[in-house]
Amino acid sequence: MIVISEASSSDFKTIREIAYTTWPHTYGDFISKEQLDYMLEKFYSDATLNDNLTHKNHHFLLAKENNNCLGFASYESDYLGEKIVRLHKIYILPEAQGKGVGKLLISEIEKIANQLNQNGISLNVNRFNKAFDFYTKIGFECIGEEDIELDFGYLMEDFKMLKKTQLTILR
């Protein structure tokens with residue numbers, strides 16, 4: 001049985017290991033190794049993860065089965081002062097993909113969004129990422145595109161997506 005639990009700073013090593021395992025599999029066909037290395041270090045250093053957890057109000061969830069971590073997600077409520085939960089990260093180990101782990105993590109975040117009276121869940125997904133189809137299948141809608149420039153001329157080319165919460169639908 002897969003169990004979802006809240007992560008803490010003691011789980012940063014596990015979160016980083018999942019990211020370092022998953023990113024080449026997810027992005028390796030369309031992002032250079034140099035950009036992947038840069039982004040992994042930028043987004044998954046202890047300092048960045050700690051800043052996300054302690055100063056930016058990010059919450060991390062782990063998905064575990066038999067004490068083995070299969071994936072993680074991070075989210076933030078009241079994103080940019082709006083009643084929106086922002087899904088910042090969700091990564092599932094390649095060998096665990098297709099087993100419903102991502103759906104369970106998003107379902108947990110939906111429950112939290114409803115408990116916090118949030119109107120929806122937003123996320124960005126790379127325009128070349130196969131996960132776009134997963135998000136549309138579970139009810140996210142593409143609401144635009146966004147290009148985010150990083151250092152060294154690196155670029156994140158994303159779709160902006162939104163899923164309305166059950167509370168929003170019922171209103």
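Lys56 is partly exposed at 42% relative accessibility (buried means under 20% relative accessible area, exposed over 50%, and partly exposed in between, with a 1.4 Å probe and protein chains only). Its side chain meets that of Asp51 in a salt bridge, 3.6 Å from N to O, and Asp51 is likewise partly exposed, at 28%. This is a predicted model, in which local features need pLDDT of at least 70 and side-chain atom pairs count only at pLDDT 80 or more, while totals for chains, interfaces and linings use all residues. Residues are numbered from 1 along each chain as its sequence is written, and side-chain values use heavy atoms, with hydrogens and water left out.

A salt bridge here is a side-chain nitrogen of Lys or Arg within 4 Å of a carboxyl oxygen of Asp or Glu, and the whole structure holds 10 of them. Glu157 and Arg127 form one, with their closest N and O atoms 3.9 Å apart; this pair links distant parts of the chain, since Glu157 lies in strand S7 and Arg127 in the loop between S5 and helix H5 (131-137), 30 residues apart. Helices (H or I, at least four residues) and strands (E, at least two) are DSSP runs numbered from the N terminus. Through shared partners, salt bridges join Arg127, Glu145, Asp147 and Glu157 into one network.

In helix H1, Lys13 and Glu17 are four residues apart and so separated by about one helical turn, and their side chains meet in a salt bridge of 3.3 Å, N to O. Lys13 is exposed at 57%, whereas Glu17 is partly exposed at 43%.
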